[in-house]
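Subject: Structure handover

Hello,

Here is the structure I said I would pass on. My notes on what was found in it follow below.

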Amino acid sequence: MSVSKIIYSGVRVKIDARQAQATLLEILLSCGCDLARGELIAHHLVDSNLCGVESHGVMRILQYVDQFRSGYMRPDTGPTISRNDGLFLVIDGQAGHGIPAMELAYKSAARVASSKSICITSIMNVGHTGRHGAFADQHADNGFLSILIGGGNRAVWRQVAPYGGCEPKLPTNPYCIGFPGDENGSFVLDFATSTIAGGWIYAAQNAGGNLPENCIIDRHGMPSVKPADYFDGGSILPAAGQKGYGLALAAELIAEALIGPVQTEGNWLLVMIDTSAMTPLDGLRNRAGVIFDDILSCKPASGFEKVQIPGQRERQLRNAAGGMIDLPENTWKEVLALRDSMAV
């Protein structure tokens, strides 16, 4: 089952996930990443493809290499905890890659919340932070409620038109919520506040494909499905009109007005709560299961096989993938060509 949002009629190829990960690791090591960070980033990208989130998968390596070469982010630095005031943490990514920074943020926040019941963490000075649902899912399974909100870099990432506007003003400013579930898995809601994540536009461009309708407008405010129109001064539309716009603006205020001036890609606020401090975890899981069962019993609408809980599809796709990822042939060829050029 294809879950890609790319309208693509070309050839797609099946790649062994281990081969893809090894290829990405070669590229990252050639850029100057150390082995531990390189392995973490490569695994994260491949896992995103296994989960059907192509926008945050293997194709991102092309963007990362460009950003390393330009100095936008550094391959040779890793994140640190720059402030620890009991309930409050600050993660400084030191202008490095954001996936190791987000990994450190979630683990550190969970450790504090385990002893203090709650932790508030800001993540600053980081590059691209990957698929946030991967972090939220892991910690929800361990009994933590997490809420992540990010944004703040309008100066560099003017991507989304505000509701009623026709020029890009805001980043895609994502939210991610993880909540413990029952034996079927946790609730994981990971979404951009735009109709489509920016990564899907890059993925469509790399593949030579188009986008679904009603996602972007061109520089004149006219609807388009062509990635080139977005890159030529167009805009992404906000999700659900004024609702997505309002959420995006709230994230921008939290990220910039609250946390402070943005360095590198964006600022993030992570709230981590140990749910066992509020209610026994077994009881929470049982009640969550009752809610899930009620929702899953809903009769599906025309064109749908069934209703699912957010996070469920990604886990099912990973389990069904058999260790193989599915990529547009053009994208995989470009990744291989990059690896070969760097090896030389």
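A residue is called buried when its relative accessible area is under 20%. Please keep in mind that this is a predicted model.

Nine of its nine residues are buried, so S11 is largely enclosed by the rest of the structure. In a regular strand the side chains alternate between the two faces of the sheet. In S11, one set, pointing one way, consists of Gly-266, Trp-268, Leu-270, Met-272 and Asp-274. Asn-267, Leu-269, Val-271 and Ile-273 point the other way, and both sets are buried.

Two packed helices are described by the angle between their axes and the distance between the axes. For helix H1 (residues 17-31) and helix H3 (residues 60-70), the angle is about 5° and the axes are 11 Å apart. H1 is therefore roughly parallel to H3, since angles under 35 degrees count as such. On the H1 side, the contact is made by Leu-24, Ile-27, Leu-28 and Cys-31, which meet Ile-61, Val-65 and Phe-68 of H3. Seven residues of this contact are nonpolar, with no polar and no charged ones.

Regards

Note on methods. Residues are numbered from 1 along each chain as its sequence is written. This is a predicted model: local features need pLDDT of at least 70, side-chain atom pairs count only at pLDDT 80 or more; totals for chains, interfaces and linings use all residues. Side-chain values use heavy atoms; hydrogens and water are left out. Buried means under 20% relative accessible area, exposed over 50%, partly exposed in between (1.4 Å probe, protein chains only). Helices (H or I, at least four residues) and strands (E, at least two) are DSSP runs, numbered from the N terminus. Axes are lines fitted to C-alpha atoms, for helices over the stretch in contact, and angles run from 0 to 180 degrees between N-to-C directions. Angles under 35 degrees count as roughly parallel, over 145 as roughly antiparallel, 65 to 115 as roughly perpendicular and the rest as oblique. Contact means heavy atoms within 4.5 Å. Ala, Val, Leu, Ile, Met, Phe, Trp, Tyr, Cys and Pro count as nonpolar, Asp, Glu, Lys and Arg as charged, and the others, Gly among them, as polar.
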